[in-house]
Amino acid sequence: MGFLIISKVGAVFLCAFLVGGSVAFGQLSPSFYDETCPLLASIVRGIVARVLFTTDPRIGASLIRLHFHDCFVNGCDGSILLDNTTTIDSEKFAFANNNSARGFEVIDDIKAAVEEACPGVVSCADILTIAATESVYLSGGPCWTVLLGRRDSLTANRSAANEFIPGPNEPLEELRRKFTIQGLNTSDLVSLSGAHTFGRAQCLTFRTRLFNFNQTGAPDPTINTTYLPQLQQLCPENGNASVLANLDPTTPDGFDNNYFSNLQILKGLLKSDQVLFSDEGADTVEFVNKFSANQSSFFESFADSMIKMGNISPLTGSDGEIRANCRRINGDSSTSTETNYGGFVATM
Ligand code: HEM
Ligand SMILES: *[C@@H]1O[C@H](CO)[C@@H](O)[C@H](O)[C@H]1NC(C)=O
Ligand SMILES: *[C@@H]1O[C@H](CO)[C@@H](O)[C@H](O)[C@H]1NC(C)=O
Ligand SMILES: *[C@@H]1O[C@H](CO)[C@@H](O)[C@H](O)[C@H]1NC(C)=O
Ligand SMILES: *[C@@H]1O[C@H](CO)[C@@H](O)[C@H](O)[C@H]1NC(C)=O
Ligand SMILES: *[C@@H]1O[C@H](CO)[C@@H](O)[C@H](O)[C@H]1NC(C)=O
Ligand SMILES: *[C@@H]1O[C@H](CO)[C@@H](O)[C@H](O)[C@H]1NC(C)=O
Ligand SMILES: *[C@@H]1O[C@H](CO)[C@@H](O)[C@H](O)[C@H]1NC(C)=O
Ligand SMILES: *[C@@H]1O[C@H](CO)[C@@H](O)[C@H](O)[C@H]1NC(C)=O
């Protein structure tokens, strides 16, 4: 599998090293669509690359986050993609997603292109998994063999999304608990948090750290004193809660290990990032230090953990369905009650 991509700046990205994923996992398989949709990966890659390099440098981050929020809610089954209707309680309105989850239009574009090439065979859950993987690779990160064969859910569950998706101000033990529920361990928690090496977060997700933190009358002491005033200026106490900050202030759009070196100098944006390094005696610190010291080690662990996350309770065989439209259950003619909030628009 030699993937060749020419970016707008003319650099050549060659997917030469496939890390992790050497063995099939559960019922998923790397060759699932080899006969039925041989061009699948290049179709997905082409559309993600076009959007990423021409209109939206943030889209890769947004797509991998969609995959994560899909997998943590009843498994990687495309449930997050379903719009709100009279019969579907859309996960798009869960706390972590409302005005925040984005990239749905790009998934629609990919689905349309895939349906054109190979009608009725590729699930939305698999499209999301491939899009997440390509997003990492196209942003300078590792590539790995994606396992495929997921099918799409017939349901969505907003309260489950509220229950299982971790929040940015939860303590380390709570983050760990939510990963453990999904079969992910401490090193998975740290490596997957490394996805915060790209993308953005709104002021509302970290502002409690900047001023009267935890009723102490002072900012969070685990923020670097040169970083703190920058964040306070961007996100003043009574300012616009939707303003965006880079999750990785060093290389905002690149997929690399700077997320971890930032944590070592107290430049983690979210509390849930910084606790991985700053919590006294935490067993996450050794992984932060390892990944900061050795990018290859981070890339290998990240690929392994992504495959593990992608294997959370997939629907396979004849369970679920292959949706024709990622936003809708097949044959569902109930009324859409979607309110298209600004946060969902891919070009923002
Ligand atoms: C450890 C628990 C995690 C917490 C508490 C968390 C929380 C958050 C929050 C609050 C945001 C900002 C959302 C906004 O302001 O609209 C965010 C963004 C993001 N998260 Fe996480 N996250 C976690 C783990 C992960 C994982 C496991 C991944 C992927 C493997 C991931 C990928 C991303 C990406 C790429 C963004 C930027 C999205 C964009 O720019 O559109 N996060 N996360
Ligand atoms: C989702 O649809 C239900 C049923 O039509 C409706 O009551 C609810 O207000 C909708 N939710 C949102 C956030 O649009
Ligand atoms: C989602 O966000 C919109 C716009 O801010 C808000 O009006 C709505 O109440 C939120 N929905 C939920 C379910 O929190
Ligand atoms: C949705 O998730 C909640 C919380 O996990 C659970 O209690 C409820 O039974 C689920 N609803 C359905 C219809 O599966
Ligand atoms: C987490 O699980 C992986 C296998 O999935 C294993 O290689 C790794 O050692 C585990 N990490 C910890 C901290 O237990
Ligand atoms: C917040 O303050 C309480 C009470 O002093 C303390 O127990 C808790 O650990 C603090 N939380 C954080 C995140 O610092
Ligand atoms: C708040 O910031 C967001 C993101 O920059 C912007 O789209 C929005 O228009 C701003 N709202 C106000 C009231 O200024
Ligand atoms: C804060 O960041 C600067 C670089 O901007 C670094 O030199 C310094 O060591 C950091 N402080 C701490 C306490 O990590
Ligand atoms: C960095 O990690 C890679 C992958 O785990 C390993 O092969 C290599 O030996 C490590 N390099 C150093 C200098 O430790």
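## Pocket and ligand surroundings

By class, 27 nonpolar, 17 polar and six charged residues line the largest pocket; here Ala, Val, Leu, Ile, Met, Phe, Trp, Tyr, Cys and Pro count as nonpolar, Asp, Glu, Lys and Arg as charged, and the others, Gly among them, as polar. The model is predicted: local features need pLDDT of at least 70, side-chain atom pairs count only at pLDDT 80 or more, and totals for chains, interfaces and linings use all residues. Residues are numbered from 1 along each chain as its sequence is written, chains are lettered from A and ligands numbered from 1 in the order in which they are written, and side-chain values use heavy atoms, with hydrogens and water left out.

The largest pocket has a volume of about 1,200 Å³. On a 1 Å grid over the protein atoms alone, a pocket is an open set of points where a 1.4 Å probe fits, with protein on both sides within 12 Å along at least five of seven lines, and lining residues have an atom within 4 Å of a point. Grid points are joined across faces, edges and corners, and a volume is the space filled by probe spheres set on the points.

Of the 50 lining residues, Arg 65, His 69, Ala 96, Ser 100 and Thr 205 lie nearest the pocket's centre. Elements that give two or more residues to this lining include helix H2 (59–71), strand E3 (200–202) and helix H12 (295–310). H2 gives the largest share, seven residues. Helices (H or I, at least four residues) and strands (E, at least two) are DSSP runs, numbered from the N terminus. Domain 1 (2–164) and domain 2 (172–303) both give residues to the lining, so the largest pocket lies between them; the domain bounds come from an automatic or database domain assignment.

Around ligand 2 stand Asn 84, Thr 85, Thr 86, Phe 93 and Thr 337, each with a heavy atom within 4 Å of the ligand. The protein covers 56% of the 360 Å² of accessible area that ligand 2 has on its own, by the Shrake-Rupley method with a 1.4 Å probe.

Ligand 5 is surrounded by Asn 185, Ser 187, Phe 287 and Lys 308. This shell has one nonpolar, two polar and one charged residue.

The table lists polar contacts, which are pairs of N or O atoms within 3.5 Å.

| Ligand atom | Protein atom | Distance |
|---|---|---|
| Ligand 2, oxygen | Asn 84, side-chain N or O | 2.3 Å |
| Ligand 2, oxygen | Thr 85, backbone N or O | 3.5 Å |
| Ligand 5, oxygen | Asn 185, side-chain N or O | 2.3 Å |
| Ligand 5, oxygen | Lys 308, side-chain N or O | 2.7 Å |

Terms used: A polar contact is a pair of N or O atoms within 3.5 Å; within protein, one must be able to donate a hydrogen and the other to accept it, and residues adjacent in sequence count only if both atoms are side-chain atoms.
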